[in-house]
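Thank you all for coming; I would like to walk you slowly through a few places in the structure that I am about to show. Please keep it in view while I talk.

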Amino acid sequence: MKRELRYGLAALPRRPVLALVAWSVPEALPAAVLGVAVARAVDDGFLAGRPLVGLAWLAALLAAGAVGAAGARQVFRRLGEVVEPFRDDLVRLVVGGALRRAVAGRPDDGAVARLTRQVEIVRDTYAGLIVVCRGFLVTVVGAVLGLLAVAPAVVPLILPPFALGCGLFVATLGVAAGRQRAAVRADERLAAAAGGVLAGVRDVVARGAEEHAARLVAGPVAEQAAAERALAGVAALRTLCFAVGGWLPLVAVLAAGPWLSARGVSAGAVMGGLTYVLFGLQPALNRLFSGLGGSGLRYVVTLGRLLDAASEPAPAIAVPRGPGVTLRGVTFAYGPHAEPVLRGLDLDVPGGDHLAVVGPSGIGKSTLAALVCGLLRPAAGTVRAAERVLIPQEAYVFTGTVRDNLAYLWPSATASHIERAAADVGAASLVQRLGGLDATLDPAALSAGERQLLALARAYLSPAPVAVLDEATCHLDPAAERRAEEAFAARPGTLIVIAHRISSALRARRVLVLDGAGVALGDHATLLATSPLYRDLVGHWGLRALPNVR
């Protein structure tokens with residue numbers, strides 16, 4: 001629990017939190033003047049035969065409420081500035097952990113549940129905890145100050161049982177946390193079981209296997225239902241704690257009425273004290289118990305699962321000698337009964353090689369790129385590779401500065417490194433048009449070619465020794481494509497290009513031809529003489545690209 005609390009506290013941004021604290025001051029005003037206004041309205045107004053004075057004090061209470069409402073409005077306006085960056089951090093945490101395990105050949109079946117349901121649970125409960133804890137502190141501080149002002153003799157009757165109820169509640173959180181963890185684990189198992197059944201729903205219906213599918217998910221459903229029922233049982237403990245902390249102070253003040261009256265405490269002061277209990281401390285305690293007992297436990301347990309999954313060590317990746325790629329007996333199919341896209345593929349791409357992969361559309365070129373980069377796991381065989389960077393056809397840029405986008409894979413890169421990389425791949429003029437490295441990018445305002453140029457510069461700057469371009473220049477003209485590919489070819493390391501123009505194949509040292517039945521590997525001249533498919537592809541693409549080749 002301490003780890004999760006520290007994580008949440010460390011994620012609090014300083015300026016929005018200071019704004020929340022500042023606007024909590026006016027919000028505390030109604031809690032502070034509540035009992036004072038009631039006591040003065042009774043003693044100085046209605047009991048003294050001066051109803052207008054009593055009404056004036058009540059009007060002052062209404063005015064304090066208006067001030068508090070204005071403060072609360074500002075608090076909620078700034079809550080998003082605290083919560084949304086926290087959610088973004090969680091998404092990066094989950095995605096990073098899932099990708100590390102996938103690259104290592106161990107797919108994460110629970111990643112979808114964590115990325116969707118559990119991240120949203122943590123985000124919502126984090127916001128709820130901030131609201132509840134801040135509101136509790138504001139109310140208690142205001143009530144204590146008001147009690148000291150209206151009737152100090154009442155304070156020893158109210159605060160000890162109030163504190164006792166809070167302590168008893170804290171003592172029950174361990175039991176409740178254990179039940180919440182069981183509920184989260186049951187949720188993950190149900191998500192994995194239901195996901196597997198839903199993925200094959202067509203086959204289930206076609207074969208009439210609905211009853212078998214129902215049995216597959218029946219156990220996880222029953223387990224989750226039992227976990228939720230056990231979690232609901234802690235509500236009885238919260239009720240007992242609330243009785244001690246919320247109702248016992250009220251009983252104590254009423255029972256001590258004669259004693260207080262004998263010591264000169266007025267009826268209005270007693271009513272003021274009761275008002276602080278009934279309309280200040282009780283509601284605050286109820287919100288705190290509900291928040292910590294519900295949202296707080298979900299926050300701690302669910303965030304704990306996210307942190308555990310993210311910190312789980314991934315198996316070591318086999319890295320060949322030298323910064324290259326080795327495939328041995330690789331077979332891959334999209335489904336257990338589908339025809340393999342690749343079958344028994346052996347391939348060596350030594351360090352420093354420049355390989356182009358060609359073949360008809362849908363033959364498996366992008367599948368090969370995904371296998372090399374660890375995004376897909378082969379059904380058979382092994383893939384051994386050094387660190388690699390993939391630039392897909394649909395390049396990704398994000399809202400942020402140009403510098404953040406280009407240096408994403410090398411955060412410590414200097415401005416000169418970034419500018420040199422942009423110049424080498426032909427993106428320097430684009431960076432200037434965008435306003436320089438510190439300009440903010442709007443991804444929607446960029447063309448597909450501009451996004452590709454930025455992604456190419458980012459990958460070029462990456463320290464990964466293997467670069468895989470999966471039709472990463474398809475939105476560029478031939479001259480821009482040539483410049484980018486030549487820059488990657490001159491870059492230290494290994495280059496694999498999924499080609500969509502014959503010029504890409506002509507620039508490569510070697511060409512791999514995929515035809516669905518087998519592969520052919522060699523240089524351009526050798527393949528023209530030995531591979532009918534390569535000759536057909538060259539004829540289809542046309543030799544007009546030859547002048548662009550150097």
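When I speak of a contact, or say that residues touch or meet, I mean heavy atoms within 4.5 Å. This is a predicted model, in which local features need pLDDT of at least 70 and side-chain atom pairs count only at pLDDT 80 or more, while totals for chains, interfaces and linings use all residues. Residues are numbered from 1 along each chain as its sequence is written, and side-chain values use heavy atoms, with hydrogens and water left out.

Let me begin with Glu471, which sits in the loop between β8 (466–470) and α17 (478–490); helices here (H or I, at least four residues) and strands (E, at least two) are DSSP runs, numbered from the N terminus. Leaving aside residues up to four places away in sequence, Glu471 touches Lys365, Gln393, Gln452, Ile498 and His500. Glu471 is buried but has no salt bridge, and the nearest side chain of opposite charge, that of Lys365, is 4.8 Å away. Buried means under 20% relative accessible area, with a 1.4 Å probe and protein chains only, and a salt bridge needs a side-chain nitrogen of Lys or Arg within 4 Å of a carboxyl oxygen of Asp or Glu. Lys and Arg count as positive and Asp and Glu as negative, whereas His and the chain ends are not counted.

Turning to Gly142, we find this residue in helix α5 (residues 111–150), where Gly142 is buried, with a relative accessible area of 2%. Between Gly142 and Glu27 there are 9.4 Å in space, C-alpha to C-alpha, although the two are 115 residues apart in sequence.

Finally, Ala423, Asp424 and Val425 in α14 meet Arg483, Ala484, Ala487 and Phe488 in α17.

Terms used. Buried means under 20% relative accessible area, exposed over 50%, partly exposed in between (1.4 Å probe, protein chains only).
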